[in-house]
Amino acid sequence: MPINELRAMEIFAKAVELGSLRKAAAAQGMSPQAASQALSQLEQRLGVRLLHRTTRSISLTEEGQQLLEATRPALAMLERALQRVRSAKDEIAGPLHITAPRSGFVPVIWPVLNAFCERYPEIQPDLHLDDHISNWVLERSDVGFRIGAPPEEGLIARKLFPVQLIICASPAYLERHGLPLRLEDLAAHRCSVFRHPATGKVYPWYVKVDGELVSRDLPPAISTNDIELELRAVLDGQVVGQLSAISAVPHIRAGRLRPLLLQHMTAHMGVYLYYGSRRAQPARVRRFIEFALDQLSNQTEFVLTDSELQAGP
């Protein structure tokens, strides 16, 4: 049924209930003229008169009585369904669809999601982890996270924190192979490289030289498409690696890794939270966005602070 016919049916039923087309128009939030026109169009489409109308009263025709009796249960059911949707919109409950990177992002997203579910136990999270740059609209996501550049236009993006790329090695590796003091020294060291899990593309190392971002291709002693495996290889002293601060910072602070060549560290990427229109967001989505921004914006759990950078290795 076209939406204009459905609206006309609601006006018709409400006019009978209230005994006045003017009152029905007010109840539907429209002018008496618009209500009268909608009802007339419905009568023209059906080819029958539904109401006898005068300036003071209305009464049902035989055809109007039959239509009202046949449609009243369905209209009442529709009204109940609409009311449930309106109520659910304001509840912190129900499904919450989230997209996020797969590689190395669980330590970031899980503490936030876990705390949010503890606070709102009626939330039903549906978390899709994928390293493809996904189309959040096609995947029906409410909110997404991305590492890299801001998402495409048409989405609202909020930067949470920078992603530092830190060259580091374990104390055991440095004891065996020595400390690289210059970027050029890395050519004589065992280095790891990362392959994108979705494309298989080998990433160069990105470093800052004289304030400019440059890339360096290094002969790999180990290459992998898994962030956790690369981290394990660096921790176990097999290689020097350029790791994201998300992976490396907890181990640096615990003394299991040492940052190297910090003057060349770059933070040209970021972690972004993104979502669609600010309007018509269910309360559960709005509350999660606010919660994630509060938990992750400008935090230092996955970022070396200025004092740590100044202290050096």
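Close-up 1. I98 stands opposite L127 in β4. On another strand, I98 stands opposite V143 in β5. This is a predicted model: local features need pLDDT of at least 70, side-chain atom pairs count only at pLDDT 80 or more, and totals for chains, interfaces and linings use all residues. Residues are numbered from 1 along each chain as its sequence is written, and side-chain values use heavy atoms, with hydrogens and water left out. Helices (H or I, at least four residues) and strands (E, at least two) are DSSP runs, numbered from the N terminus.

**Close-up 2. Strand β3 and its parallel neighbours.** β3 and β4 (residues 123-129) pair in the parallel sense over 7 bridges. β3 and β5 (residues 143-148) also run parallel, over 2 bridges. Two strands pair if DSSP finds at least two bridges between them. In a regular strand the side chains alternate between the two faces of the sheet.

**Close-up 3. The largest pocket.** Its volume is about 970 Å³. Of the 40 residues that line the largest pocket, the closest to its centre are I147, F194, H196, Y203 and M269. β5 gives the most to this lining, with 4 residues. A pocket is an open set of points on a 1 Å grid over the protein atoms alone, where a 1.4 Å probe fits, with protein on both sides within 12 Å along at least five of seven lines; lining residues have an atom within 4 Å of a point. Grid points are joined across faces, edges and corners, and a volume is the space filled by probe spheres set on the points.

**Close-up 4. The salt bridge of R253 and E308.** The side chains of R253 and E308 meet in a salt bridge (2.9 Å, N to O). The pair links distant parts of the chain: R253 lies in helix α8 (residues 245-253) and E308 in helix α10 (residues 306-311), 55 residues apart. R253 is partly exposed at 38% relative accessible area. E308 is partly exposed too, at 26%. A salt bridge is a side-chain nitrogen of Lys or Arg within 4 Å of a carboxyl oxygen of Asp or Glu. By this rule the count comes to 5 salt bridges.

Technical notes
Buried < 20%, exposed > 50% of the residue type's maximum accessible area, 1.4 Å probe, protein only.
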